[in-house]
Amino acid sequence: MTNRPLREPLPYHRLARLATPHRWWRPPVGTLFVAVVYVTATGLLYTALDAWGARRGYPRSADGSVEFGPLPDIAVELLLLALATPVVLLAVRWIGRRPAGTVSSVTGKLRWRLLFLCLLTALPVFAVAMGAVALLPADGDPFRWAGWTAFGPALALLLVLVPLQAAAEEYVFRGWLTQAVGAFVRSPWVALLPQALLFAAAHGWGTPWGFADLVVFGTAAGWLTWRTGGLEAAIGLHAANNLLAFAASAATVDGLRSDETAADATWPVVALDVLGIALYTTAVLWLLRSRALVRTAVPAPLPPVRPAAFAGPYGPIAGCPVLPPRAAGSAQGTSLPQAYPGAEEQASDRGAV
C-alpha cells in the first residue's frame, strides 16, 4: 500500500478549498445563494411583520413602512440582520461541501474562550474612545438622559440582540466573502480588501471620512481573522463597538430614533475610532503572544494509491498504481481517476495568485 501525501495546511482565508471535492464554481454559486436566500427570507419576514402591524393599527412612516416604536424597530432591524448567520452556515455546508464550522475558525468551531477574551478586551478600549467622542463639540442638541425606565429595558434587549447582529455581519464579510475570494488567491490581503470595501458600502454612503473608517474597520477585522485563524477577534471588536454605540443612543432621549450610521461620521470621530481599532488590535496580539493558537487547518489526506496488477493486452502489468474505487452514493462525492498523486490539487490551483 502506497500512501498519498498530505495536502498543504490551509490558512483561514483558504478554507473554501476544504470542499469535497473542491470545485471552482462553489464560492461564486454559494455567494449568489447567500444573497438570494437572505434577501428572500428577510423580505418575507418583514412583509409578515408589516401586515401584522397594519392590522394592529400601528402608524406608518413617510416611506410607507409600519412604525412599531423606536425600540421595537431596532429589535426588528437587528433580528433581520442576524438571519444572515444561518444562511451562511447553510451555504458552507450545502454548497461549500465542508463542515459549517470551518467558517467560524480553522478548528471547525467557534472558540468561545477566545471570543470572550476578545470581547472583554474590546469593551474598555471602545468605552474610552466613545467617552472621548462625547467630549467633542456637538453640533446638535445637548445630551438629555432618557432615564432608567427607558434605558434599562433597551439595554437588556441590546445585550441579547447586538452580539447576534454583529456576529452575522462577521460571518458574511470576514467569513464567507473572505473565504470565497481566498479560494482563488493565496495572498491574504487580496482576499481581505474586497470584503472591507463591500462592508463599507453596505452601511450606506455618508461622508468620505465615514466610508474610510468603515474600510479601516473591515480591514482590521479581516486581518485579525486571518492572524488568529477565526472570527472570534472580529466578532469581539464588532459586538463591543456596536453595543456601546447603541447603548449611548438608548441613554439619550429619542436617541434610538436617529437614522445616522457610522458612514455619517466626521473626521474627529473617525480619528478616535481608528485609534480605538489600533489599540484593540495591539491588545489582542499582546494577549495572544504566549498562546499556542491554531492558525491553519490540515485537510484530510487524499485516498491512498494501492499497487495492483493492470490487465494489459498481453497480461497483467505488475506494480501499476490504481486508485481504490469509491463507494457509490458516498457522502464524499465522486471524482475521476487521477493520473498521479496530487494532480487534482495542481489542476485546481492553476491561476491562483
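Tryptophan 148 and phenylalanine 151 are three residues apart in helix H5 (residues 148–182), so about one helical turn separates them. Helices here are DSSP runs of H or I with at least four residues, and strands are runs of E with at least two, both numbered from the N terminus. The model is predicted, so local features need pLDDT of at least 70 and side-chain atom pairs count only at pLDDT 80 or more, while totals for chains, interfaces and linings use all residues. Residues are numbered from 1 along each chain as its sequence is written, and side-chain values use heavy atoms, with hydrogens and water left out.

Rings of Phe, Tyr and Trp (for Trp the six-membered ring) pair if their centres lie within 6.5 Å; planes under 30 degrees apart count as stacked, over 60 as edge-to-face and the rest as tilted. By this rule there are 13 aromatic pairs. In one of them, the ring centres of tryptophan 145 and tryptophan 148 are 5.5 Å apart and the planes stand at 75°, so the pair is edge-to-face. The pair of tryptophan 148 and phenylalanine 151 is also edge-to-face, because the planes lie at 65°, with centres 5.4 Å apart. Relative accessible area (1.4 Å probe, protein chains only) defines buried as under 20%, exposed as over 50% and partly exposed as in between. Tryptophan 148 is exposed at 61%, tryptophan 145 is partly exposed at 41%, and phenylalanine 151 is buried at 10%. Trp52, Tyr58 and Phe68 form one aromatic cluster.

A charge sits over a ring if NZ of Lys or CZ of Arg is within 6 Å of the ring centre and within 35 degrees of the ring normal. The charged end of arginine 174 is placed in this way over phenylalanine 199, 4.3 Å from the ring centre. Arginine 295 lies over the face of tryptophan 226, at 5.1 Å from the ring centre.

Most residues other than glycine have a negative phi, and most peptide bonds are trans. Arginine 97, in the loop between helix H3 (84–94) and helix H4 (112–134), has a positive phi of about 50°. Arginine 97 is partly exposed, with a relative accessible area of 23%. Aspartate 254 has a positive phi near 60° and belongs to the loop between H8 and helix H9 (267–287). Threonine 20 and proline 21 are joined by a cis peptide bond, with omega about -5°. Proline 21 is in the loop between strand S1 (10–11) and helix H1 (26–55).
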